[in-house]
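Work through the exercises below with the sequence and the model side by side, and try each task before you read its solution.

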There are 2 protein chains.
Amino acid sequence: MKKVEFWFDFASTYSYPAAFRIENLAQSSNISIVWRPFLLGPIFKTQGWNDSPFNIYPAKGNYMWRDLERVCESVGIPFRRPSVFPRNSVLAARVACFFSEEPWLAEFVRRTFFENFANDRDISDAAVVGSILETVGQPADLISSAQSPKAKAKLRTVIEHAVSKGIFGAPSFVVGSELFWGNDRLESAIVWAHAHAQD
Amino acid sequence: MKKVEFWFDFASTYSYPAAFRIENLAQSSNISIVWRPFLLGPIFKTQGWNDSPFNIYPAKGNYMWRDLERVCESVGIPFRRPSVFPRNSVLAARVACFFSEEPWLAEFVRRTFFENFANDRDISDAAVVGSILETVGQPADLISSAQSPKAKAKLRTVIEHAVSKGIFGAPSFVVGSELFWGNDRLESAIVWAHAHAQD
């Protein structure tokens, strides 16, 4: 089956609508999704940023918040501007990365984004992440495995992998050696996978 | 008639496909276009950049060049990476800004983008801009009026206007108080104008 890799960070604003759009789009084109949770922070640091560029460049940030509101409305998902931005997404990313092949992963991803961008809950809080795990039918103590040295190393490797693919923002979609950046480019990535990628 | 303001810089890569797409899209929705040539350079300077962010951040730049190639292919316009980037667009912007209401403006805009991004010609060269003017049926010496104090002041005012609207990149589309950034968002701007803007 043809594949699209979906690279996202739970703190990334436009990754939220992308996470809610991707499954329908992929299914209707018979494309499978490879879930690739990662962290933008370490990549931003190599560009000299210690904060989100949306905070560093206010005109860009002001635009993004308004635009995200419009985008979420058009997708039909609720949006409330998080009281803390960007939220620390390390714990949630470790869980999603360590369990990225599990059948409950997609639902965990959507619910985590929803807590951050619709319910303004602190997704760096283990109690919040634990409750999300429970709503997808998993024990909250999966968090301990996601904090193991092995899980931490897995996420670090995935981030290095992102850098080697030229990823510099989220969401990003990868089809073979082709990179597509931004929620707006999801359709292009699916079309590309359909037309060019090998099974 | 409902309106979309099209803010562009002749040095801006994604403004090139936008300039070639906007008339068909606007006409089919019965929307008129307000041509708003401006300069990104002074806006980038206020963000601490003395160069294009595509040069400052190589991962972003590498992505953009490949992406632009794909975008131009899908739009059906030729693309050759300019040997100088960003090209100095001050002269071309002064011409387009000073004559922004003229009936030949749209064609001048497209041909100027084409020289930069398809023919790799130096659009800061008065001879090149003069020859573009001639191909749209105008005398090359319109350049002197476009270099007058009045024309220079007009462009400066337009740039201040851009900043006051929250514009931070190009292409940007403005409908009333709504801002849309990027070639990818042209369709959203047109839909917005159709649905929300007053005649």
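**Exercise 1.** Which residue stands opposite Glu5(A) in strand 2 of chain A?

*Solution.* Glu5(A) has Val34(A) opposite it in strand 2 of chain A. This is a predicted model, in which local features need pLDDT of at least 70, side-chain atom pairs count only at pLDDT 80 or more, and totals for chains, interfaces and linings use all residues. Residues are numbered from 1 along each chain as its sequence is written, while chains are lettered from A and ligands numbered from 1 in the order in which they are written. Strands (E, at least two residues) and helices (H or I, at least four) are DSSP runs, numbered from the N terminus. Strand 1 (residues 2-8) of chain A pairs with strand 2 of chain A in the parallel sense over seven bridges, where pairing requires that DSSP finds at least two bridges between two strands.

**Exercise 2.** Describe helix 1 of chain B, and find where the kink is centred.

*Solution.* Begin with the span: helix 1 (residues 15-28) of chain B has 14 residues and reaches 20 Å from its first C-alpha to its last, close to the 20 Å expected at 1.5 Å a residue, the expected span being 1.5 Å times one less than the number of residues. Next, the kink of about 40° is centred on Arg21(B); the bend at a residue is the angle between axes fitted to the seven residues ending there and the seven starting there. Finally, just after this helix, Asn30(B) takes a positive phi of about 60°.

**Exercise 3.** What rotation superposes chain A on chain B?

*Solution.* A rotation of 180° with 0.0 Å of shift along its axis does so, with an RMSD of 0.0 Å, superposing by least squares on the C-alpha atoms of residues with pLDDT of at least 70 in both copies. This is the relation of a two-fold axis.
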